[in-house]
Amino acid sequence: MNSTRESWASKLGFMLAAMGSAVGLGNIWRFSYVAGENGGGAFLILYLVSILIIGVPLLLAEVSIGRKAQSDVVGSYQKLAQGKPWFMAGFLGVLGSLLILGFYSVVAGWSMYYFWNYLNGHFFTVPEEGYGAAFEVFTTSIGQPLFWHALFMVVTIAIVLTGVKKGIELANKIFMPTLAVLLIVLAGFSLSLEGAMEGMRFLFRPDWSVLSNPSVYIAALGQAFFSLSLGVGVMMTYGSYLSAHHKLPGATIGIGLMDTFFAIISGIVIFPAVFAFNIEPDSGPVLVFITLTDIFGQMPFGGYVGILFFLSLSLAAVSSSVSLLEVPVAYLMRAASWSRKKSAVIIGFVIFLLGIGASLGMGALSGFTPIGERNIMDSMDYVASNILLPIGGLVMALFIGWYFSKKEALHAADLTDSAVGTVWYLIVKFLAPVLILVIFMNALGVL
Ligand code: PHE
Ligand code: NA
């Protein structure tokens with residue numbers, strides 16, 4: 001059976017796909033609204049610390065497990081720890097990826113809707129009621145957002161159907177660089193707006209008083225996991241399509257750097273504009289959408305920039321959604337012996353159904369708040385990002401740190417018994433698990 005498993009054409013293919021998975025709506029849409037809700041600068045520091053001392057080391061751990069086992073997220077644990085309960089974490093991963101894609105595809109649908117409205121010229125002129133209100137009318141309606149959500153899922157399914165190599169590797173090569181260039185240009189423009197410095201201060205000058213709030217830590221941790229695509233088995237599954245002679249540590253550092261670059265640069269695009277246009281930084285998930293349209297509205301040739309930007313953002317979202325769909329698909333292809341086609345279509349449809357809830361929760365079902373004040377989408381996001389992903393990462397760390405011997409762990413990660421190897425091992429074995437647990441208990445009010 002193993003002989004028929006797919007693999008990347010090259011290490012570059014893996015890098016592109018993994019970066020494509022990491023870079024997505026999380027960097028632009030989620031990063032800016034979570035940073036905005038959690039006070040800006042101090043959150044940014046916690047986020048960067050989480051990426052550096054938990055995220056990147058665990059990313060290496062996750063990819064290593066997958067490459068060693070050459071199987072999906074459930075199968076990897078089963079194969080490496082036969083008859084032991086570790087594989088149950090794999091099911092959490094499958095569940096997490098379904099939940100995340102359920103709302104991710106709705107937001108990606110919004111992005112496609114924006115692309116379409118710039119393409120057909122509608123958004124070249126300010127809608128009568130203003131961009132913000134037009135967006136609200138759209139997201140709170142029923143049919144239109146569902147149409148774009150469905151369309152986005154069809155695209156995702158189509159790419160996953162065509163298999164690992166052809167579908168996923170290609171889109172990343174063109175649109176990630178485009179997105180990077182556009183963001184840099186946009187950052188320059190945003191910084192030239194009147195009032196921009198207030199936004200820069202919000203993002204870069206920490207207001208330490210927010211650190212007394214335990215929810216800021218869990219938000220930063222959750223954002224780090226979400227942004228790195230860490231903890232659901234995406235990176236494990238992608239690692240499993242990699243053969244032994246590709247070296248992992250450099251690749252994971254590259255993914256971490258790239259992902260962080262995209263987050264910070266989008267912060268520099270969004271926050272100056274948020275303050276320049278008098279938008280509330282804690283506006284929540286709609287923040288990016290109502291801010292960007294104002295930026296494009298003020299910018300020379302802004303309408304054309306809007307076309308390119310939302311096209312690139314939608315494609316960045318596709319390369320992430322494809323990785324999320326790949327988790328359950330890879331699992332079912334092995335465990336149920338379903339074909340790639342059958343798995344992708346059936347799971348994709350299930351995700352479409354989940355997304356209906358997330359989408360209607362913006363309007364028709366907005367009174368339904370499963371967790372605290374959160375609507376359906378925010379609740380799905382909260383459970384997946386702040387709970388399932390860190391638990392998934394915790395189990396991966398414990399698996400490498402405590403189930404493997406040090407020698408096995410270093411070997412799996414292409415590290416040697418050097419200072420670097422030992423530091424990584426100690427982080428994965430002790431520091432990361434302890435930090436994750438402390439942040440959890442803190443959030444629960446136990447500590
Ligand atoms: N990392 C992706 C982003 O930033 C989202 C994602 C989360 C993808 C978890 C896969 C797994 O947009
Ligand atoms: Na990301």
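This is a predicted model: local features need pLDDT of at least 70, side-chain atom pairs count only at pLDDT 80 or more; totals for chains, interfaces and linings use all residues.
**Confidence**
I started with pLDDT. The protein averages 94, and 98% of the residues score at least 70. Next I asked which helix has the lowest confidence. That turned out to be helix 8 (residues 164–191), with a mean of 82. Helix 4 (residues 73–80) has the highest, at 98.

**Who surrounds the ligand**
I looked up the shell and got 15 residues around ligand 1. Ala22, Gly26, Tyr104, Phe226 and Ser229 are the closest. By type, I get 7 nonpolar, 8 polar and no charged residues in that shell.

**Polar contacts**
Then I went through the oxygen atoms of the ligand. Tyr104 puts a side-chain N or O atom 2.6 Å from an oxygen atom of ligand 1. Asn27 brings in a polar side-chain atom, 3.3 Å from an oxygen atom of ligand 1.

**Cover**
How much of the accessible area of ligand 1 does the protein cover? I find 100% of the 330 Å² that the ligand has on its own. I also checked the cavities: the space ligand 1 takes is the largest cavity.

**Which elements contribute**
Last, I listed the elements that give two or more residues to the shell around ligand 1. They are helix 1 (11–22), helix 2 (25–37), helix 10 (214–227) and helix 14 (302–335).

How values were computed
Residues are numbered from 1 along each chain as its sequence is written. Chains are lettered from A and ligands numbered from 1 in the order in which they are written. Side-chain values use heavy atoms; hydrogens and water are left out. A residue is near a molecule or strand if one of its heavy atoms lies within 4 Å of it. A polar contact is a pair of N or O atoms within 3.5 Å; within protein, one must be able to donate a hydrogen and the other to accept it, and residues adjacent in sequence count only if both atoms are side-chain atoms. Accessible areas come from the Shrake-Rupley method with a 1.4 Å probe; for residues, only the protein chains shown count as cover. On a 1 Å grid over the protein atoms alone, a cavity is a set of points where a 1.4 Å probe fits but cannot get out, and a pocket is an open set with protein on both sides within 12 Å along at least five of seven lines; lining residues have an atom within 4 Å of a point. A molecule sits in a cavity or pocket if more than half of its atoms lie within 2 Å of its grid points. Helices (H or I, at least four residues) and strands (E, at least two) are DSSP runs, numbered from the N terminus. Ala, Val, Leu, Ile, Met, Phe, Trp, Tyr, Cys and Pro count as nonpolar, Asp, Glu, Lys and Arg as charged, and the others, Gly among them, as polar. pLDDT is the predictor's confidence in each residue, from 0 to 100.
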